[in-house]
Amino acid sequence: SNQCLQVVPDLRNHQALELLNHGVKVTINSDDPAYFGGYINQNYLELSNALNLSSFDLYQLIKNSLDAK
């Protein structure tokens with residue numbers, strides 16, 4: 001995995017699932033993928049694998065992205 005910014009050094013410690021479970025509208029995004037290498041599909045895959053996300057968790061993340069304004 002390409003973790004250029006290292007904001008969270010180990011994705012297994014990311015708080016996305018905890019926040020999602022508490023009703024926070026978490027979204028997965030990419031930021032300047034040509035520079036950082038973090039394309040959105042890879043970001044979903046990396047986080048899903050690290051947090052062992054369920055299909056419902058992934059559905060909710062996608063839904064949140066569509067609902068975000």
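**View 1. Leucine 45 in helix α3.** Leucine 45 is found in helix α3, which spans residues 40-51; helices (H or I, at least four residues) and strands (E, at least two) are DSSP runs, numbered from the N terminus. The model is predicted, so that local features need pLDDT of at least 70 and side-chain atom pairs count only at pLDDT 80 or more, whereas totals for chains, interfaces and linings use all residues. Residues are numbered from 1 along each chain as its sequence is written, and side-chain values use heavy atoms, with hydrogens and water left out. With a relative accessible area of 43%, leucine 45 is partly exposed; buried denotes under 20% relative accessible area, exposed over 50%, and partly exposed the range in between (1.4 Å probe, protein chains only). Leucine 58 lies 13 residues from leucine 45 in sequence, and their C-alpha atoms are 9.9 Å apart in space.

**View 2. Aspartate 57, a buried residue without a salt bridge****.** Aspartate 57 belongs to helix α4, residues 55-67. This residue is buried yet has no salt bridge, the latter being a side-chain nitrogen of Lys or Arg within 4 Å of a carboxyl oxygen of Asp or Glu. The nearest side chain of opposite charge is that of lysine 63, 14 Å away; Lys and Arg count as positive and Asp and Glu as negative, while His and the chain ends are not counted. When residues up to four places away in sequence are left aside, aspartate 57 touches Leu17, Leu20 and Asn21, contact meaning heavy atoms within 4.5 Å.

**View 3. The salt bridge between aspartate 10 and arginine 12****.** The closest N and O atoms of aspartate 10 and arginine 12 are 2.6 Å apart. Aspartate 10 is partly exposed at 24% relative accessibility, whereas arginine 12 is exposed, with a relative accessible area of 59%. The salt bridges number three by the rule stated above.

**View 4. The network of Lys25, Lys63 and Asp67****.** Aspartate 67 and lysine 25 meet through their side chains in a salt bridge of 3.9 Å, N to O. This pair links distant parts of the chain: aspartate 67 is in helix α4, and lysine 25 is in the loop between α1 (16-21) and α2 (33-36), 42 residues apart. Aspartate 67 is partly exposed, with a relative accessible area of 33%, while lysine 25 counts as exposed at 54%. Lysine 63 also forms a salt bridge with aspartate 67, with 2.9 Å between the closest N and O atoms. Lysine 63 and aspartate 67 are separated by about one helical turn because they are four residues apart in helix α4. Salt bridges that share partners join Lys25, Lys63 and Asp67 into one network.

**View 5. The protein as a whole.** Of its 69 residues, 20% are buried. Among contacts with a separation of 6 or more, 57% involve residues 24 or more positions apart. The accessible surface comes to about 5,100 Å², of which 53% belongs to carbon and sulfur atoms; accessible areas come from the Shrake-Rupley method with a 1.4 Å probe, and for residues only the protein chains shown count as cover.
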